Amino acid sequence: MFPLQCLTFLLLFILLLQNATSGSPLPLRRRPVQNNSTHSNFAKHPRRRVVFPVNRSSCDLFAGEWVRDETYPLYRAEECGRGMIDPGFDCQTYGRPDSDYLKFRWKPFNCDVPRFNGVKFLQKMRNKTIMFVGDSLGRNQWESLMCMISSSTPFIRTHLIHEDPLSTFKILDYNVKVSFYRAPYLVDIDKINGKTTLKLDEISVDASDAWRTADVLLFNTGHWWSHTGSLRGWERMETEGRYYGDMDRLVALRKGLKTWSNWVLRYINSPLTRVFFLSVSPTHYNPNEWTSRAKASTIGQGGKSCYGQTTPYSGTTYPTSSYVSQKKVIDEVVKEVNSHVSLMDISMLSALRIDGHPSIYSGDLNPSLKRFPDRSSDCSHWCLPGLPDTWNQLFYAALMF
């Protein structure tokens, strides 16, 4: 029996050897994936497409559409700390009757924007200063970010200091400062021989020193360059040693922005400092821009303003606006320093939000004026919560990813 057993064993060995060296190996069973509770967030929130930084062609954060999202807004006005929202932006508190305008999320065509996470943001920005520099639209965005941080991290210690020109929100537990520096033109404005003079070739020493303390800077300007009459913030302009009672406003804007860009090239030479520029925020005072001529001619009260608009403009592009010329100047100047500055191109996505302005629902408006929306509506700034929250989500994406 022993030789027969040896022969049987030898035959089995030869068969196994032939199978192992053939082109069809035995299949392997994949071990089933265990449902580990430490990864439960991935089950609740499927992996999204990668969000790329600003100016990456593979993901244009600023080309997309507004989609309804019932999880919005990101916060309620009452969740903001005391004194955070300017009365002029606090639409719900001051009587705005509709709320559908709060239920829209910006969706880029070829990528997704991550939802703001206050803890991650503060961890990333620990021991740093973020500074918004510009006009009241910059203040609009600054107040939005304060609310977003406060509502998503409700138990942190904070301190808010309102001063002019520099206001600062301190997040004490992370040693983070989120500041706003008021500089509507970015360049200096000063009294010279008794006349308020816009100095197109200069940035004040105080402004320069303050800006250079920041780790992240986000600049904006635009609206003040086009003001006329009693709204004009200066009596004359100065450039190259000469004074002008006025000049082409786009020429003046370009000169001022060139002064700003030269400042960036001179002082922002550290790769650790991030610089952004917010493109022009559009206004909506002319309903002919978003309605047919026939329909616009029949609009009664509020017909010369954004009053009564409750939903975004339908579509992905806005037909026309007065901001286009200013935007072109800003785009061209920022492009010249694009190795130092990232453009936050929010103009088109904001133009679609004809419903997002305070209109007559502003705490800064005398109640008697609310009867005349044609003359008193604010169609320049934005409600909070509202559109500036989207600007900050895009800002967050650019900083974090």
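Okay, Cys 306 and Cys 379: these two form a disulfide, with the sulfur atoms 2.2 Å apart. By disulfide I mean a pair of cysteine sulfur atoms within 2.5 Å. The torsion about the S-S bond of Cys 306 and Cys 379 is about -90°, so this disulfide is left-handed. It links distant parts of the chain, with Cys 306 in the loop between α7 (293-298) and α8 (324-336) and Cys 379 in the loop between α10 (373-376) and α11 (387-400), 73 residues apart. When I say helix or strand, those are DSSP runs numbered from the N terminus: H or I with at least four residues for helices, E with at least two for strands.

Before I go on, the ground rules. This is a predicted model, so local features need pLDDT of at least 70 and side-chain atom pairs count only at pLDDT 80 or more, while totals for chains, interfaces and linings use all residues. Residues are numbered from 1 along each chain as its sequence is written, and side-chain values use heavy atoms, with hydrogens and water left out.

So, buried or exposed, what is Cys 306? Cys 306 counts as buried at 3% relative accessibility, and Cys 379 counts as buried at 0%. The cut-offs: buried is under 20% relative accessible area, exposed is over 50%, and partly exposed is in between, with a 1.4 Å probe and protein chains only.

How many disulfides does the structure hold? Four. Counting bonded cysteines along the chain, the pattern reads 1-4, 2-5, 3-8, 6-7.

Let's take Cys 59 and Cys 111. Their sulfur atoms sit 1.9 Å apart in a disulfide, and with 60° about the S-S bond that link is right-handed. Why does it tie together parts that are 52 residues apart in sequence? Because Cys 59 lies in the loop between α2 (40-44) and β1 (64-68), and Cys 111 lies in the loop between β2 (104-108) and α3 (118-124). Cys 59 is buried, at a relative accessible area of 2%, and Cys 111 is buried too, at 1%.

Then there's Cys 80 with Cys 147, a disulfide with its sulfur atoms 2.0 Å apart. This link is right-handed, with 125° about the S-S bond. Again distant parts of the chain are linked: Cys 80 is in the loop between β1 and β2, Cys 147 is in helix α4 (residues 136-152), and they are 67 residues apart. Both Cys 80 and Cys 147 are buried.

Glu 163 is in the loop between β4 (158-161) and β5 (166-171), and at 54% relative accessibility Glu 163 counts as exposed. From Glu 163 to Tyr 181 is 18 residues in sequence, and 9.3 Å in space, C-alpha to C-alpha.

Two strands pair if DSSP finds at least two bridges between them.

Which residue in β10 is the bridge partner of Thr 197? That's Arg 236.
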